[in-house]
Amino acid sequence: MTIDAASTALLVVDILVTDSSDSLYNHDPQEEALVAKAVQVTKAARRAGMPVFFLCDQHIPGVDRELALWGEHGVKGKAHPHPALEAGSGPRDFVIPKRRYSGFFQTDLDLTLRELGVKTVIAVGEDTNICVLHTLADAWNLGYDSVVVTDATRTFLVGTQEGALEHMQRCFGTKLSTTEQVITALDNATARS
């Protein structure tokens with residue numbers, strides 16, 4: 001696997017902590033393993049000089065349809081990128097608030113990616129079957145290539161991890177890679193720069 005760091009960005013999808021008793025974000029051993037892998041990929045992306053986008057639920061109570069469907073989660077002002085990710089510490093870190101599953105819907109993600117010359121996005125985060133899937137669907141529809149880091153994503157609300165990954169691969173041409181494979185490719189991209 002090779003990565004062109006100059007035209008690639010990392011999307012960190014909804015790896016959040018909250019200031020409230022969220023009904024969706026739980027901090028179990030699977031969550032902590034996901035965070036650890038996402039931190040490794042985020043650090044490698046920063047070393048390669050890539051932009052890192054933190055896509056964060058910021059729902060408005062009493063307004064957003066998603067809250068009626070899933071219960072209170074990712075409430076505006078109460079949900080933040082997981083501290084281990086150190087969002088904002090990199091020179092090319094961007095935090096993108098979102099009110100729907102996709103990080104592209106009604107946000108400035110597409111505009112910012114295009115202004116940075118990005119052609120490929122790498123995704124880590126959760127839920128693989130919901131926000132990651134819908135974000136990569138929109139990436140496909142907008143003409144981006146994509147990579148999903150299989151062991152730095154997880155499914156816990158609906159469907160299976162395997163089903164989501166198969167859907168992305170078959171429907172969007174998404175490349176499936178592990179944390180180790182992506183880090184190796186990013187470190188090689190840094191070495192070539």
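Predicted model: local features only at pLDDT ≥ 70, side-chain atom pairs only at ≥ 80, totals over all residues.
Visitor: Which residues have the most contacts inside the largest nonpolar core?
Guide: The largest nonpolar core has 30 residues. The elements giving two or more residues to this core are the strands β1 (8–13), β3 (52–57), β6 (120–126) and β7 (145–154), together with the helices α1 (29–47) and α6 (179–192). Inside this core, the residues with the most contacts are Leu-10, Met-50 and Val-124.

Visitor: Which residues is Val-124 in contact with, leaving aside its neighbours within four places in sequence?
Guide: Val-124 is one of the residues with the most contacts inside the largest nonpolar core. With its neighbours within four places in sequence left aside, the contacts of Val-124 are Leu-10, Leu-11, Val-12, Val-13, Ile-15, Ala-38, Val-41, Val-149, Ala-152 and Thr-153.

Visitor: How many residues are in the other core, which lies apart from the largest one?
Guide: Among the residues of this other core are Val-118, Ala-137, Ala-164 and Met-168. The core lies apart from the largest one, and the number of its residues is 25.

Visitor: How many disulfides does the structure hold?
Guide: A disulfide needs two cysteine sulfur atoms within 2.5 Å. The cysteine sulfur closest to that of Cys-56 belongs to Cys-131 and is 11 Å away, so the two are too far apart for a bond. Cys-56 is buried at 4% relative accessibility, and Cys-131 is buried as well, with a relative accessible area of 5%. The number of disulfides in the structure is zero.

Visitor: Is Phe-104 buried or exposed?
Guide: Phe-104 is placed in the loop between β5 (93–98) and α3 (109–115). Not counting residues up to four places away in sequence, Phe-104 touches Leu-109, Asp-110, Leu-113, Thr-135, Asp-138, Ala-139, Leu-142 and Tyr-144. Because residues under 20% relative accessible area count as buried, the 7% relative accessibility of Phe-104 makes this residue buried.

Visitor: How far apart are Asp-108 and Thr-128 in space, C-alpha to C-alpha?
Guide: Asp-108 lies in the loop between β5 and α3 and is partly exposed, with a relative accessible area of 42%. Asp-108 and Thr-128 are 20 residues apart in sequence, and their C-alpha separation in space is 22 Å.

Visitor: What is the omega of the cis peptide bond between Glu-126 and Asp-127?
Guide: Asp-127 lies in the loop between β6 and α4 (128–141). The peptide bond that joins Glu-126 to Asp-127 is cis, and its omega is about -20°.

Visitor: What is the phi of Glu-86?
Guide: Glu-86 has its place in the loop between β4 (79–81) and β5, where at 45% relative accessibility it counts as partly exposed. Although Glu-86 is not a glycine, its phi is positive, at about 50°.

Visitor: What is the phi of Gln-106?
Guide: Gln-106 lies in the loop between β5 and α3 and counts as exposed, at 71% relative accessibility. Gln-106 is a residue other than glycine with a positive phi, and the value is near 60°.

Visitor: Which residues is Ile-60 in contact with, leaving aside its neighbours within four places in sequence?
Guide: Ile-60 lies in the loop between β3 and α2 (65–70) and is partly exposed, at 27% relative accessibility. Once the neighbours within four places in sequence are left aside, Ile-60 is in contact with Leu-67, Lys-76 and Arg-99.

Visitor: How much space lies in the largest pocket?
Guide: The lining of the largest pocket consists of Gln-58, Ile-60, Lys-76, Pro-97, Lys-98, Arg-99, Arg-100, Phe-105, Gln-106 and Thr-107. By class, the lining residues divide into three nonpolar, three polar and four charged. The space in this pocket comes to about 170 Å³.

Definitions and conventions. Residues numbered from 1 in each chain as written. Heavy atoms only, no water. 1 Å grid on protein atoms, 1.4 Å probe; cavity = no way out; pocket = protein on both sides within 12 Å on 5 of 7 lines; lining within 4 Å. Points joined across faces, edges and corners; volume = space filled by probe spheres on them. Nonpolar A, V, L, I, M, F, W, Y, C, P; charged D, E, K, R; others polar. Buried < 20%, exposed > 50% of the residue type's maximum accessible area, 1.4 Å probe, protein only. Core = buried A, V, L, I, M, F, W, Y, C linked by side-chain atoms within 4.5 Å. Helix = DSSP H or I, 4+ residues; strand = E, 2+ residues; numbered from the N terminus. Contact = heavy atoms within 4.5 Å.
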